Amino acid sequence: MGETLKKRMPLPFVAFAAAIMLAGCILENINGRFSLYDFKVYYEASHAMLNGSQVYGEPFSLGSGYYKYSPFTGLLFAPLSLLPYKIACLIQYGILVFAAIAMLIMTYRIVSEYLFDSKLKSVSLFLSVVFICFIIHLVRELHLGNINLVLLLLLVLSLQSILHKRYLLAGFLLALVVITKPFFVLLLMPLVLHKYFKVVLSLCVSLIVFVLLPIMVLGFSKNLELHKAWLETMVGHADAFPSNNTLDAIINRYAFNSMHNSMQYVILFSICIAYLLLFYFIKRNRTEQLLKMDFVMEWFLIIALMPTIFRTDTQHFLLSVPIILFTCYYLFTSRNVWAISLFGISILMYDINSTDLLGKDLSAHVNEMGILGISNIIIVTMALAVYFKKIRTKSNT
């Protein structure tokens, strides 16, 4: 049994990734920087919710330290909010370490099983390379203590549940993500197009339960009041949040001098239409294998496009990790020099912006230029090209 576990679990990678993240935790504590400012927002908001205090519109941390998530999400942090903050931070950090490692392993298993015929000789080496590809974003996420890695793990687990026909579980897991960050409702598109209606039903029922569940703790009127405040906060955040890395911001900077804020919705609509047209264009003569392959890629691509479409902070570009892993898998098996060169440049653009590496002035300039957003567009486009020209074509012959 121990030998079987060793074959299935890439233990060298687990040790490598855990050691790096543990070292980061130790250094943060030594330098007095172990504050997890984003996690503090969840922690304080949950504490305020339980005590009947102001939750929305109240600054709980530095920067954009306002709570902008659902009442249900706040209640999920209730157990941690009852602990001393430092202990809660250590637990949160441990959860993020687990989520990062588990997400990579689960994504690798899905990609290797459904998208590629050839297997890699060293899974641990491969996962370690992918890990390094997003390490700057990972360090920032761990430093802030946000939950993007947890949400990404839930999305990967939801996908795995769908592929294994555990539809009720898949909908429940997806609902946990949507109730926290509603823009993930875009994943309804592949679910409906591929006729996973049981997942959609489970998602809807779970969301209703998540909206009503806080009544047991807060009461009906307080729950209604908080949900109204949450909706107002979301609308205000979507319109006012500054971002240089969305597609509309990049177009505005390099093609036009001024565009209306509604352009992001025009772009969203255009991408949805393009997706629908592409889906029906390639729909004919698809085998069951191709249907699963297409669904996996559509799932990962839509997730990766979220920070390119919606104005949000740079940590959300962690959502591109599954697509990065897919592209790395192709490069490991094909060893295409030109593709490796393009991917290497795009990853440098994607993961180089750190004040520790570039300094404050250059880092601010790189952010202002939207380099991260441009790199994400290149990575997504490259993944699409690889899939349709190399992977899907090969499987269709």
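## Helix crossing and a nonpolar surface patch

Helices α6 (residues 85-114) and α7 (residues 123-133) have axes that come within 11 Å and cross at roughly 120 degrees. That angle makes α6 oblique to α7, since angles under 35 degrees count as roughly parallel, over 145 as roughly antiparallel, 65 to 115 as roughly perpendicular and the rest as oblique. Please keep in mind that this is a predicted model, where local features need pLDDT of at least 70 and side-chain atom pairs count only at pLDDT 80 or more. Residues are numbered from 1 along each chain, and side-chain values use heavy atoms, leaving out hydrogens and water.

**The helix pair**
- The crossing of α6 past α7 is right-handed (the near helix is turned clockwise from the far one by less than a right angle).
- Helices here are DSSP runs of H or I with at least four residues, numbered from the N terminus.

**The nonpolar patch**
- Leu50, Leu82, Leu201, Val205, Val209, Leu213, Met216 and Val217 form a nonpolar patch on the surface, with about 790 Å² of accessible area together.
- Patch residues have over 30% relative accessible area and no salt bridge, and nonpolar side chains are joined within 5 Å.
- Two or more residues each come from α12 (197-212) and α13 (215-218), with α12 giving the largest share, three residues.
- Valine 217, in helix α13, is exposed at a relative accessible area of 52% (exposed means over 50%, buried under 20%, partly exposed in between, with a 1.4 Å probe).

**Around leucine 11**
- Leucine 11 belongs to helix α2 (residues 11-30) and is partly exposed, with a relative accessible area of 41%.
- Its C-alpha atom is separated by 7.3 Å from that of serine 124, 113 residues apart along the chain.

Definitions and conventions:
Patch = residues over 30% accessible without salt bridge, like charges linked within 9 Å, V, L, I, M, F, W, Y side chains within 5 Å. Areas by Shrake-Rupley, 256 points an atom, 1.4 Å probe, with all protein chains shown as cover. Salt bridge = Lys/Arg side-chain N within 4 Å of Asp/Glu carboxyl O. Axes fitted to C-alpha atoms, helices over the stretch in contact; angles between N-to-C directions.
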